Structure formats: structure tokens, C-alpha cells
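Subject: The structure, and some notes to read with it

Hello! Here is the structure I promised to pass on to you. Please open it first, and then read my notes alongside.

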There are 4 protein chains.
Amino acid sequence: MVIIMQAGAPEAEVEAVIQAVEKAGFRPFVNPGVERKVIALLGKMDAEKAELVDHFSALPGVERVQLISEPYKLASRRSHPEPSLVEVGPVTIGGTQLAVIAGPCSVENRDQMVDTAIAVRNAGANLLRGGAFKPRTSPYSFQGLGVEGLEILAEARRITGLPIVTEVLHPGDLDAISQYADVIQIGARNMQNFRLLQDVGTAGKPVILKRNPGCRVRDLLMASEYIMLEGNTNVVLCERGITTFEDATRYTMDVNAIPVIKRLSHLPVIADPSHAAGDWRYVSAIALSAIAAGADGIMVEVHLDPSMALSDGPQSLRPDKFSELMRAAAQVAAAVGREVVLPG
Amino acid sequence: MVIIMQAGAPEAEVEAVIQAVEKAGFRPFVNPGVERKVIALLGKMDAEKAELVDHFSALPGVERVQLISEPYKLASRRSHPEPSLVEVGPVTIGGTQLAVIAGPCSVENRDQMVDTAIAVRNAGANLLRGGAFKPRTSPYSFQGLGVEGLEILAEARRITGLPIVTEVLHPGDLDAISQYADVIQIGARNMQNFRLLQDVGTAGKPVILKRNPGCRVRDLLMASEYIMLEGNTNVVLCERGITTFEDATRYTMDVNAIPVIKRLSHLPVIADPSHAAGDWRYVSAIALSAIAAGADGIMVEVHLDPSMALSDGPQSLRPDKFSELMRAAAQVAAAVGREVVLPG
Amino acid sequence: MVIIMQAGAPEAEVEAVIQAVEKAGFRPFVNPGVERKVIALLGKMDAEKAELVDHFSALPGVERVQLISEPYKLASRRSHPEPSLVEVGPVTIGGTQLAVIAGPCSVENRDQMVDTAIAVRNAGANLLRGGAFKPRTSPYSFQGLGVEGLEILAEARRITGLPIVTEVLHPGDLDAISQYADVIQIGARNMQNFRLLQDVGTAGKPVILKRNPGCRVRDLLMASEYIMLEGNTNVVLCERGITTFEDATRYTMDVNAIPVIKRLSHLPVIADPSHAAGDWRYVSAIALSAIAAGADGIMVEVHLDPSMALSDGPQSLRPDKFSELMRAAAQVAAAVGREVVLPG
Amino acid sequence: MVIIMQAGAPEAEVEAVIQAVEKAGFRPFVNPGVERKVIALLGKMDAEKAELVDHFSALPGVERVQLISEPYKLASRRSHPEPSLVEVGPVTIGGTQLAVIAGPCSVENRDQMVDTAIAVRNAGANLLRGGAFKPRTSPYSFQGLGVEGLEILAEARRITGLPIVTEVLHPGDLDAISQYADVIQIGARNMQNFRLLQDVGTAGKPVILKRNPGCRVRDLLMASEYIMLEGNTNVVLCERGITTFEDATRYTMDVNAIPVIKRLSHLPVIADPSHAAGDWRYVSAIALSAIAAGADGIMVEVHLDPSMALSDGPQSLRPDKFSELMRAAAQVAAAVGREVVLPG
């Protein structure tokens, strides 16, 4: 940490900062700058101390404080130089083979779910998604089937062999979801629902943590820290588009975030082109771009009849389009040293 | 709702859309456009049907669908043309007198809280804020005193007479919080934690709902709808800055949102300049700007010694600065036909 | 400037950085950090050297480089602690009395311009705006009357006594514009048209420099530096809204920028609520908020009949609404120790 | 165009709008809505009339006006359903083979330029970039060699056979640049310098138009319209990152924009990963992602010794990294049916 004093800050203020630094257990190191003093802090700066930034920056005469080290610890590649692998049944997320998570936005009924599951498995998906509890912008929208939806998902798994990914919204639903799900998803809107993160951290299941569209990469990493601190290191991050001024698409896929996360963290990172685009016509191009950028997988919404979907119809691919995407994905994956296994 | 077809969409696709519209219970009305067909939907378009946008936009030949009416209902000024008043003890939020909510970010200990409460009351605040359960970006940061914090808040209320505002993070804490708080706050990070909104909607207390910094005004209004649908219409909206590319301040106060919300909704709207700025040096200017723009109140972080604050020190005002702000606020309020009552 | 090395950077890389620092004329100062080395640069760090950031950050082993001092010099309050005053005929921008610049977006014809000029003067404006050369998003839109427009502006000045503000788009028009204008405006889209800034810097007229809606405050200050370096320090900055994800208004007024600029720079800063809102219904509230935040003036689009305006009709006030705004502005200005002089 | 009236707008206001519509040469078509009237405009709505939106939206009783057709004409895929090909010497931008434009940010001296040109050609580039006139945020930064730089570029072309791309900043330099350049670049900061666009439109050379980081895709398309209206349809669009709140990278590559532009326009679109990232460590991943998304080419900054570059060092690749990128690019291009030809 480096504390930058205001130009011309009186000696007494500099002294007070030095004393505060010492009191906090660091050795201060004053750079004899020409225009302004800069005080470096020596001593182990671990994550617990990162919040001291706030304290020091409120002292008189301080212009600003800059962290030199990042504030996350368990998520940092420095604490774990090798990429992490997250095992979900037969699938290893973060390995050479890409995770392909596909399925409808919401579980709507048994036939829709099972038929979709068969279709996506036959096209090359190795994990099944489907929402039983849905976070909807409007209270008037379909809110999901709840436990009935979980049972349908379990049946689809039994039939296809695909592990299932489903979202939790409320701590009270966690037990039920844990009984059925292979992977628990924290949706974008709950990325900073810290108490839910902690609850999920103790549930003993792999977690997909989606980036909130208004949050920075470092906030996503800090959110993953909440889960890992509870002892669950099986966390997969998911980039799904950020809010920007561009309105030609619903969100803007932050494709930069993929190599950035790879550099800062050991956690696997996947991409959700369906939410990033909000329009099925762009989903395939964005999915391929994420794979080329180094993503460990993709999560794609597929619906047998998007015009009848109870949620997210406009961004869902039909099974035939998804099959086309899988064939292209296999080629792009191979081009960057990864693999998508196409059945048959 | 208006469905815009692609230029040159074949007649069969137009027909299919017309049938879908009829099936959904509307009367279709086809505009004989020169370049493309536009199908208007006649019939009561209530909020429940707003999600049909998604269905129709996924039909073949549809370019896009545009809502003509807004998707929120209870929050809309059209359903309630007069401004709503929210009563909290002796304070009426939304009336001529401005709500001035002040206090520390976190309750840290009894003395800090009581002394601050006295200081802000003496300066002109009419509501007291203080966090007992804290949502922190980092799990290594101070997370609040919990129920002990609530008890301290209650004591500060007993001493000063100021009603208390405090935040809920987890449904499991709601009973305890309801016992103590006069107003329950939903923080920015939980604005789209829809299940928590529903839980709070049934708690029978006035609610301050803070805007998530990555969400649009209409998302804020939709979130308030979740609370009001449960029968609780005592909702106060709070603009607290949005995420933008500008990094000179932590967030960008969306001052435009104040007159926008006033036009679209009957709910009172207040502003939080402390979070919008992230730097105490800008808090007073931003607070005054919000009042001039028509806000029904302000929420300001005040700390006796910001350099020792366990959270949000850099954006907290000292009591003397807060007093200065109150005197200026009284003048600006008077200039726009509102009132801040200064004691003594 | 502080150079932060990667954790575990080998000694040879640290040495190479030290040598590069010395070669650039600085004295390096190595902080013996526990996890990573941080090298501070001692010696006069003036603006010319600010670009060294780029060089040093490309050296092997460097994590990143942070500027301690700001890169602008002439615009900085440190080089000129007192607020600057810009004199335009009888008006002093930056003094106690606010600059009120009003008029139509475009000069459309003689009667429209003269009648508007009289109306805004009678309401309290002290400067007249009007575009003769217009930057339009679409080439199919009205592009302005050119020199004829300048002549009409001059006549409006002769009749009302109001100094005139008009925009330059092309270096080739600068001579003609300088002949007529009292203040030359650089529009938002040309804020980083650096060659035009230099040309305007030599024209000997006060300049209003509008912030580009996609640029940070520090970019605005750097742009002003281009003008001032040519010897023209009569620069007034103008905040006019930034691009954000919020689409309820055309842009988001960055009201925070007003106190930020006041702290960082000595230059006067005004606000343009008309462009920030893009909708006349919000213009007055935003104008008052800017005054309360400390702006040195406002720039407002006024049109006799907005529905017939050749440009920016939807964001233009009618004269009667503008008069109302002036009366409110006078009260808010007084509340913050400033003045708007209402005629009669 | 559709005009949406306010709910409950009186009949007289509806009538006035209908008359205004007729006066403007359209046939009005009133939808008998339940809650509010919607008036559709029948008749040829060409780009010249798009600005009528503004007029109509300022009429009393109008809630808002929505364009049904896009406001650009020559750039629209509807006016030209086949993809356009832009020929530059032996290279066809928009065809199967990708354009690979590489070189230093700035021309610094003869040896640097020639050596870089040879290096990028040998790695697979088919066009050479280099700035002779540089737009720099700071007036204290290197501003380019000017005409001397153009001469050096010409020599590099003579030696390598690569056509050259260079930027114009000022209309006064256009003649000189046209004499040397094969492709004229309009930089991001000048995307809405409309007069320069018009000047370049008459220069008879292919143009690369870079997207301003604060502008929407539709603004980019409107800007291209300025060039094409002058008779020059050889326009290549370039996505180079937009400004967002994410600060882990300098800009955010809007990879969505690639399929969006492909759908809306017939013009070729390339991507500049160097500016989008601002950090060489991310350039290759982003370049590959753009190719996978369907870009017609990439533009990459390459410098023999980035730590000595006079501009943009941190985002420049060394020639060996660029060679690696080319080999990966060839594979990803093949995976999506495109081609990068590697020499030897």
C-alpha cells in the first residue's frame, strides 16, 4: 500500500499518517518526493488489511491511497499458480475439454425439459441447465416451478446422464436444491448477495458464480472469495455481459474479461453468450469468440420453440441452431488447443 | 405493444404473428406500411402481459417489439397521480419538509452511535441511519455487529427521538430487524434480490429501496413493484450513484433520475450523496444538487472520526461539516419550495 | 511516479528498470517491499514526462506504473490556486454572477434569432448562443446557415447587447467565426480534435470547451491544455452529460464533475442541462442542480416554438418556461452565495 | 415512424399531431388504442426525414416518437444486401482472406519503420500501419513526424510491398496524406468530426473509420454515411473498444458489435485488439475472439522494442509474439471459414 500525501501537506499531517501506519502494524517508508510525500507501507499486506485503504485515505493531508497488491487471496493466481479444475461427475471444468452447459432458461414442464435435454446432449452438451427458481425483473413474470422443476431436472438427468446446473435465489431453498443439483448457480443479480454466497459456500456442491452486469472483474473475484472462505473451492466464474451505453444488444459481452481473469485467478471461467446478446441471432458468434479468447466453457440457452418460452425466448437457440454452433465450436476449440466432443 | 416486422417479411409470417396476437387475447391492428408491416395490439395491456414482448419477438419475421406502456403498475404515477407520502413517526417523507437521514455507515459501539445520533439531530437530521448487518465487497472487512448493533440503535433512538433506518441482508434477520427498525433499508446490492423484496414487503414497515448502481430507473421501479405487490406501499426510492466510466468519483450521481422518477412514479425519492461520491469532499455539493433537483430528502454518512471508521470513512462527513451542509441545505430547500428545519 | 514490479520479479529486471529510470533523468528510490519491489521516481515530474508511464510499464517485470501527480499543468489548480475569471464584454465568467447562456440550438432565420435573443435577455440571460455551423449525427439533418447565420447573430447582438457564443467545426471557418463571435465554442464531438483546439488557441477569443460524453474529467482537462498551451487561458469548461447505460434520458448529467473540476482546476465550469437531458421536461431541475453544485453558469437551449425547431426541438424550452427557470435559478444561486440578475 | 401520445391526451392535441404529420407529407394512421393513441406514419420514410422525430416529439401531448426504420441509408444492408468488398492493392477487405494490418503506433524513424514492416510482413500481415500525424491526449506527448513520417512509410511500402494505412487529423494535411497512403484512417476521436469525414469522402482513397469509444454502433454507421454520401463507398469499419466502468483493461472490446454490424450493414468490419485492451498481454486472446466472431480483419500494434516506443508501448506486441498470434489466427480463421495466409 502506498499513501500519497497532498502537495504541500504540512509536516504535522505527514507525521500523523506515519504514526497511524505504525499503529496498524506496518513499517512506514517515506519517499522524499520533490512535490509531495509518498509513504510506502512495509510488512505483510494480506487481504484482511486491504480495508485499511479507507482509514488512511480519510486522514488529513492524504490525497489518496493505492493498493499495490490485489485484495483477494484465495481466488488469486498468486496463491494457487496452477489452474483449478472443478469436477462435476464425468466433466472436468477447466481441463482441455470445454464445458458446454445447455438447456432452457426455465423448466416449464416434463416434456419440454426432457426433450431439450436429449437434444442438447445429442448435439454435444455435457451439462444441462434449467431454472426452477427464477429471478425475474417483473413480479408479473413466470417465477419458476420450484421443487417440481427440480424433480423434472432430475428425471432429465436420469434419462440423459447429464449433470444438472440450477440456480438458487433464497437461502430457504438451498437444502432442496442441494438434494437435486450437481452444480449450484448464483445468478448475476445475486453476485453480491454475500449472505447467500456464504450459505452456498457450505453446501458442498460446485458453484457457478455469474458476474453481475454492473460489477468489475475484481468484484467478481471478491465475491468468489466469500464462497471459498467457507471451504468450497469448486467455483467456476461466468462472464455474461456488462451494462454499457450500447443498446444494439442487451448487454455487452466483456470478452476482455476472459484473459484478464485467467491472468489474475486460477478459477475456471466460462461465458454465457445468450444473456450477453439478448438476441439469438448473435449468440453463436459470441459463443465462438469466447472460446477463441480462452474460455473454459459456454452456457447457452436452448429451447424447442423459443416463441413459446416462458422466459428468455428471444435469446434462446433452437436445437438445430445449437447443433450448428456445436460443430463450429469444436473447430474453434481445436484451433486454440481445446476440445469439444461431438457425439456420434 | 407494437410488433415491427422485418422489411419484406412474407405474408405467411405476418399471418402467424396475427394469429399469435389473437391467441394471446388481443385484437391485432395491422398498419399498411410501405416498407414493413407494423402490428399494433389492441386490448388492455396490463403489467402481467408485458412479458409477451419476449414471446412475440421470437416469432419468425419479427424485427422487434416495442412496449408502448411501461411495465410497472403500482409504482406508476398513472395508477396514483398524487405523490405518495410515507409516514415514519413524526416525519412525512414526500411532504414539504425534507427527510434528512444521517448517521454512520456501521454501528461500531454504543458511544460512537449515541454521540453521532446526538450530533446529527442537533444539526437538523430527522432520521438516524446505522448499519448493523453490513454488505461488504470483501469478506475480510467488518461485517457489522448484528443484533447488538440493533440494540445500540434503539438506545440512540430512545435518547434522541430519531426514528431509525437500518439495512436487511438476509431473510433470516428480518424478524429481529423488524423489532427494532422504523424503516427497513434494502441496499443497492440487493435491489434485485427479489425474494428478499417479497419478504420485506410483508414485514409491515416502511422501506427505503436503494438503486443498484448497474440498473436503470425502470428496473428500480420494477423492484419496488415486488414490495408493493405484497401490500406494502410505503416505499421510498433512493438514488445513490451509478457505475460509469468516470473514475474521478466512485459512482456518478444520476441527478437526472430525480425528475425522471418524479414524472414516472408517485413514490418519494431521496438521494445518497455519500455513496455517489465516495469522497467526503464532494458530498455537500452533491447533496445540494439533489435537493435543487427535487429530491424528497438526503441520506448522508456522518462519523465522529472518519479516519477511525470501520467502514466508509473516506466518504463520511465530520459533524461540523454536516452542520454546515444542513445550513446550506435549508437555504437551497427554501429556494425550491421545500423545507429543512434547523434546531434552535 | 511509482513503478510497481511483479511479485517475484528477478533482480535483473529490477536493475534494468532502475537503469531506465536513471537514464530518463530521475533518481530511483527502491522500497524494500516484502512481496514485490516498488520503485519511486524522484525529480521534477512535469507534464512532459507524464508519458514515460507508457515506457516504463512496457519493461519486463513491471506490473504497472502509477502517476502520483496529474498530467495536466496549465489547467491544474496547483499551477494557479485562485479561480480564473474569463471576461466576455460586460460578463465575468467565474465571478459571483452566474453566466446564463441561452438561445436556440441553430440560427434558423433572422426573426427567430432576434426574437429569441430579446426573449432570453428579458428573462435574465447575459450571453446569447446560436449555431451557424452544426455538427449533426446524420448527414441528412440541417447543417446550419454558415456565414449567413453569423451575420444574423451579430444583428441579434446589436439589438440586445448580448455577447454571442457560437461553435466552430472546421479550421477553415475559424477566421469568419472569429470576426463575429465573442466566445468560440468547441462542441462535445470535437473535444479531442486536437488540431482544432490548437487552432482555436491562437484565435484570441474566449473559448467554451464542452466535455465529450465518452471522456473522463481528466481528458477534458488535458484537452483544455492544448488550447492554453497556445497562449489562450480564457477557457471555460462545460459539463453536458456523459454516456451511460441509463436510457431514460439522452445522457446522464455528471453533476459530480462540477465539484471535481473545481477542486482540480482553476478554470470556470458551466453546465448544459439541455443536452444532458435531451428532454425539456427535465431541463429546469437539472439546471438548478448544477447551480446548487457550484457551477459558474448554465447554457440552455430556448426556442420560440420547439415543435418547429430545425434541431434539438425536444430539449428546448419555450421562453415562458425559461423565464420560470430564471426566477428559480436566482433563488438557488442566492442560496449558494451566487447571483442571477433578473431584469426589471 | 410511430408517434405515441400520452395517456389521456386531449383530442385537440391528437388532431394537431395528425395535421403536422400530413403537412410533413405522410399519411397518418391512428391506432384506436385503449389507453393511448398511437399514430403511425405511412409514406416513404427515407433518411432525410429521420430528423422529423425531433419535431414530432416536441408537440403537445406526445409521449415519444419511435423510428421503425434505421436512419442510415447507404450503410444499410437493406440498400446493399451483399457484403461490400474494399480493394486495396492486392488485398480485398471483406473477402475470404482476412486483412491483417500491423505496424507501430507511430512512425519514429526509418530503421524502426522498415524493420517492423519486414517483420510483420514475414509473420503474415498484408497491410502496414503507422502514424505520421498522431492524436495524443496530452499536448506534451510525441505528435508524430508529419510528412517525413509519410515518406518513411512510402519507403517501407517500396521495400515490403505492403500497402500503407495512416491517419488524418486535419483537413490541411489531407493532400499530403492522399499522395502517400493506400488507406486513410479516421481515428476514434475524429469519428464525429463530420467535416473531416466529408473531406475524406472526396479524397478517392479507401477509408478505415474507427468507432469512437463513447459512441453506439448506429452512430458509427451514421458517420460512415457522411463519407459515402460524398461518393466514396470504400469504407471499412473498425471496432476498437468502448468506454465502460471496467478498469481492468483500458477499453472493453465490444465483440457483440461484430455480428451486429454484419447484420445491419454491408460494410466490412475489422477489430483493433491493441487499443481495446491497452495491454499487450491480452491482445492475442482478443484478436482471436474477434476473428471467431466474424471480423474481416484485425489491426495490431507491433513494435520492435515496446519499452522504447514513443507511443502505445504497453499495448504493442513484439514481432515474435505477433508471429505466434498469426499462427493461431490462421487456425481460428480456418475454423470459421476464413483464411490468414502465412508466408513460407
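Let's start with one residue, Val100(D). Setting aside the neighbours within four places in sequence, Val100(D) is in contact with Gly124(D), Ala125(D), Asn126(D), Leu127(D), Gly297(D), Ile298(D) and Val340(D); contact here means that the C-beta atoms of two residues, placed from the backbone, lie within 7 Å.

Before going on, please note that this is a predicted model, in which local features need pLDDT of at least 70 and side-chain atom pairs count only at pLDDT 80 or more, while totals for chains, interfaces and linings use all residues. Residues are numbered from 1 along each chain as its sequence is written, and chains are lettered from A and ligands numbered from 1 in the order in which they are written.

Back to Val100(D), which sits in strand E7 (residues 99-103) of chain D. Helices (H or I, at least four residues) and strands (E, at least two) are DSSP runs, numbered from the N terminus. Is Val100(D) buried or exposed? Val100(D) is buried, because 29 other C-beta atoms lie within 10 Å. The cut-offs are 20 or more other C-beta atoms within 10 Å for buried, 12 or fewer for exposed, and partly exposed in between, with C-beta atoms placed from the backbone.

**Helix H1 of chain B**

The expected span is 1.5 Å times one less than the number of residues. Val17(B), Ala20(B) and Val21(B) are the buried residues of H1(B). Seen down the axis of H1(B), they fall within an arc of 100°, so they line one face of the helix; the arc is that of the directions from the helix axis to the C-beta atoms. They pack against strands E1 (2-5), E2 (27-31), E3 (38-42) and E4 (62-66) and against H2, in chain B. On the face turned away from the buried side are exposed residues, including Glu11(B), Glu15(B) and Lys23(B). After H1(B) comes Gly25(B), with a positive phi near 95°.

**Helix H4 of chain C**

The buried residues of H4(C) are Gly149(C), Leu150(C), Ile152(C), Leu153(C), Ala156(C) and Arg157(C). Their arc, seen down the axis of H4(C), is within 160°, so they line one face of the helix. Among the elements that cover them are helix H3 (110-123) and strand E9 (164-168) of chain C.

**Helix H11 of chain B**

H11 (residues 319-335) of chain B has 17 residues and reaches 24 Å from its first C-alpha to its last. Its buried residues include Phe322(B), Leu325(B) and Met326(B). What covers the buried residues of H11(B) includes helix H10 (280-292) of chain B and also helices H10 (280-292) and H11 (319-335) of chain C.

**Where chains A and B meet**

How many residues does each chain bring to the contact? Chain B gives 44 residues and chain A gives 43 residues. On the side of chain B that touches chain A, the largest share, five residues, comes from H7(B).

Enjoy exploring it!
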